[in-house]
Amino acid sequence: MSIFKKKQDITEVNQEELVKKLDSDSNIRSYVGPMLKVITVIAIIWSLFQIYVTSFGVLEAIKLRAWHLGFLLVFTFLLFPANKKKNKQRKLPTAWDIVCILLTVVSVGYLLLTFDDFARNRAGVHVPLDYFFGGIGILMVFEASRRAIGNALTIIAAVFLLYNLVGVYFSGPLGHSGFSVNRIIDIMFWGTQGIFGIALGVSATYIFLFVLFGAFLKNSGFTDFINDLALTIAGRSAGGPAKVSVIGSGFMGMVNGSAVGNVVTTGSVTIPLMKRTGYKSHFSGSVEAVSSTGGLFAPPIMGAAGFIMAEFIGVPYTTVILAAIIPAILYYVTVFMVVHFEAKKLGLEGISKENIPNALKVLKEGGHLLIPLVVLVGLLVYGVTPLYAAVWSLFSTVVASWLRKSTRMDMKTIIRSIEEGTKAAVGVGVACAIVGVVVGTVSLTSLGLVLGNNILHFAGESVFLAAVLTMLVSIVMGMGVPATAAYIIVATVSAPLLVELGVPVLAAHMFAFYYAALSSITPPVALASYAAAGIAKASPNKVSWTAMRVGITGFIIPFFFLFNPVLLFNGESVVASFLALLTALVGVVSLASALQGWLVTRVNLVERLLLFTSAFLLIEPALIYDLIGIALLLLLIISQGLRQKKRQPASMKPAAS
């Protein structure tokens with residue numbers, strides 16, 4: 001039995017409390033009795049519908065999105081209580097839940113029944129009932145967002161929606177000519193510029209299937225396998241538990257898509273282990289928060305924003321995956337080396353041998369669980385669409401689990417996976433729906449163009465200044481908001497201005513996405529850091545600020561690939577990108593050393609400054625900079641080695657022959 005399994009029962013209650021407190025996706029009502037079976041049946045129907053329509057069937061885009069929205073809203077009103085303080089077990093939904101469900105069915109059903117007549121026979125001309133039911137549908141989306149996402153994103157969307165009406169009273173560049181209520185409803189509900197836009201379209205296809213795939217992968221035993229594998233790789237080395245956290249959380253984050261959920265899942269074990277090893281509480285929490293957040297931009301799944309990015313900029317998803325590889329590697333290597341140098345500085349050891357599972361045994365018992373990821377990556381590389389790749393990977397998860405009795409998924413486990421997958425898809429899906437109001441407003445009022453022009457006017461011709469402003473906007477918009485929704489807003493408002501200044505479109509969008517994701521560890525609202533602080537029993541602010549230092553590569557690397565896309569496999573050649581990766585890897589080791597103040601031995605202020613210089617020179621892909629950076633690092637290593645040798649006690653020196 002793994003060390004993670006031993007701790008499972010102890011931490012289960014704390015996990016549930018923390019997730020409910022910080023992750024709105026998990027603040028779900030519990031049912032007892034027949035209603036529990038009803039929800040299970042609806043979840044199965046929804047999953048089968050999504051799998052069939054997105055892989056084998058044919059349905060118009062707006063109708064697929066309407067069906068998807070209908071399921072999303074119904075599940076939201078069933079599972080997420082209107083009043084969080086009264087979230088308890090129930091036998092039936094409340095009266096207000098039933099009213100919301102009926103209004104959802106009526107408004108979305110009206111669109112499905114009349115859309116063909118509206119688009120073909122009426123040539124897009126509305127009748128009064130269109131506006132009436134469209135208005136009801138918009139209100140239901142806002143109520144669902146308030147329940148499932150929380151107040152932050154809901155208030156942002158409400159402000160944008162209100163701007164359509166009151167912008168006419170603004171003077172200066174923010175003013176517009178004004179729009180009627182009917183015009184706003186038309187854009188938001190009856191077209192593909194608002195609620196039924198690209199974001200909801202991606203939720204109805206890629207996101208749902210990959211979230212469902214993640215749930216199946218988790219219940220196949222993949223989580224325990226990855227944790228045990230991480231223990232065998234790094235458990236016995238200096239600071240082993242922290243390195244296990246980096247490796248395990250990184251792997252889980254690739255398929256999880258929730259920074260907070262990932263912190264609670266793996267951190268409830270790794271954080272106490274780090275503390276017992278000798279790491280300080282705030283440092284232990286920060287390592288877990290940073291490692292879990294990195295999963296949002298680590299391929300192959302990248303949370304959900306990767307699919308939306310591919311749709312926004314019109315490139316194959318494999319292009320986005322390739323672009324994300326080098327930055328993700330650099331991010332995790334930095335975190336790993338920060339942990340290593342901290343352990344060396346504190347004189348920490350690894351986990352005792354008796355608590356480390358046998359590597360061959362781990363691979364023998366759980367290696368087959370890697371098959372679904374191999375299938376996924378293989379199909380994507382082969383050229384199959386992500387939708388087909390997700391479906392076949394999902395099926396292969398079940399088949400792979402049957403290869404060993406200990407991991408075999410029975411019907412009960414499969415049904416539980418469907419339930420977990422559909423529930424996990426609700427939060428992201430509702431975020432995609434409500435953010436459509438923001439996108440629709442930007443489109444209707446040209447607000448994005450106005451803001452972009454003003455930022456450009458302020459930044460002048462400076463790409464760097466425009467990038468700094470985009471970074472700040474991305475972080476602020478991401479505070480307390482799901483990374484996917486934050487990216488959509490920033491991609492609509494800020495990324496285009498970078499493109500206008502000559503930045504490649506993929507680099508501009510990846511730049512915006514990174515900072516939207518990193519808002520999970522950026523104070524003052526850093527949900528992943530807060531979750532980790534709760535487990536570590538440390539100050540949330542102290543964990544957040546430490547997390548920014550540990551994850552500093554995430555804040556630095558985007559500026560490098562913004563000016564030199566070779567780090568996104570978008571340069572002159574694959575060879576150039578590979579060489580850039582090798583030198584950047586040495587650079588991030590220098591960066592980690594400078595951050596922790598340790599290389600061969602403790603570094604002084606001058607050495608730290610030289611390490612920072614070496615790091616930046618090596619991360620920037622240019623031969624002359626690389627040579628100078630490597631020379632600086634080698635000189636520092638030799639200098640520190642000689643200094644350590646001089647300090648070595650005489651008793652430890654080798655005797656003369």
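Which side chains meet in a salt bridge at 3.3 Å, N to O? In this predicted model, they are the side chains of R183 and D186. The two residues lie in helix 7 (residues 181-189), where a spacing of three residues separates them by about one helical turn. In an α-helix there are 3.6 residues a turn, so residues three or four places apart point the same way. R183 has a relative accessible area of 38%, and therefore counts as partly exposed.

The overall form of the protein is described next. The protein has 28 helices and zero strands. Its radius of gyration is 26 Å, close to the 26 Å that the globule rule gives for 657 residues, so the protein is as compact as a globular protein of that length. Along the principal axes, the C-alpha atoms fill a box of roughly 100 × 60 × 45 Å. Of the 657 residues, 57% are buried.

Salt bridges were searched for across the whole structure, and 15 were found. Side chains of opposite charge can pair when their charged atoms come close. One of the salt bridges joins R29 to D97, with 2.9 Å between the closest N and O atoms. R29 is in the loop between helix 1 (3-22) and helix 2 (34-55), whereas D97 is in helix 4, so this pair ties together parts that are 68 residues apart in sequence. Both partners are covered: R29 counts as buried because its relative accessibility is 5%, and D97 counts as buried because its relative accessibility is 0%.

Another salt bridge is formed by R416 and E420, whose closest N and O atoms are 4.0 Å apart. Both residues belong to helix 17 (residues 411-445) and are four residues apart, about one turn of the helix. R416 counts as partly exposed because its relative accessibility is 33%. E420, with a relative accessible area of 27%, is partly exposed as well.

A pair of aromatic rings is described by the distance of the centres and the angle of the planes. The count comes to 31 aromatic pairs. One of them is the stacked pair of Y110 and F133, at 4.5 Å centre to centre and with 25° between the planes. Y110 is in helix 4 (residues 95-121) and F133 in helix 5 (residues 128-148), so the pair ties together parts that are 23 residues apart in sequence. Y110 and F133 are both buried. A further pair consists of F297 and Y514, with ring centres 4.1 Å apart and planes at 25°, so this pair is also stacked. F297 lies in the loop between helix 11 (281-294) and helix 12 (305-313), and Y514 lies in helix 22 (residues 505-518), so the contact ties together parts that are 217 residues apart in sequence. F297 and Y514 are likewise buried. Y110 and F133 also belong to one aromatic cluster, together with F115, F118, F132, F189, W190 and F196.

Cysteines were considered separately. A disulfide is a covalent bond between the sulfur atoms of two cysteines. The count of disulfides in the model is zero. C100 counts as buried because its relative accessibility is 0%, and C432 counts as buried because its relative accessibility is 1%.

Helix 23 (residues 527-536) is mostly covered, with seven of its 10 residues buried. These buried residues are A528, S529, A531, A532, A533, I535 and A536. After helix 23 comes K537, which has a positive phi near 55°.

I638 is located in helix 28. The relative accessibility of I638 is 52%, so I638 counts as exposed, the cut-off for exposed residues being over 50%.

Terms used
Residues are numbered from 1 along each chain as its sequence is written. This is a predicted model: local features need pLDDT of at least 70, side-chain atom pairs count only at pLDDT 80 or more; totals for chains, interfaces and linings use all residues. Side-chain values use heavy atoms; hydrogens and water are left out. Buried means under 20% relative accessible area, exposed over 50%, partly exposed in between (1.4 Å probe, protein chains only). Rings of Phe, Tyr and Trp (its six-membered ring) pair if their centres lie within 6.5 Å; planes under 30 degrees apart count as stacked, over 60 as edge-to-face and the rest as tilted. A disulfide is a pair of cysteine sulfur atoms within 2.5 Å. The radius of gyration is taken over C-alpha atoms; the globule rule is 2.2 Å times the number of residues to the power 0.38.
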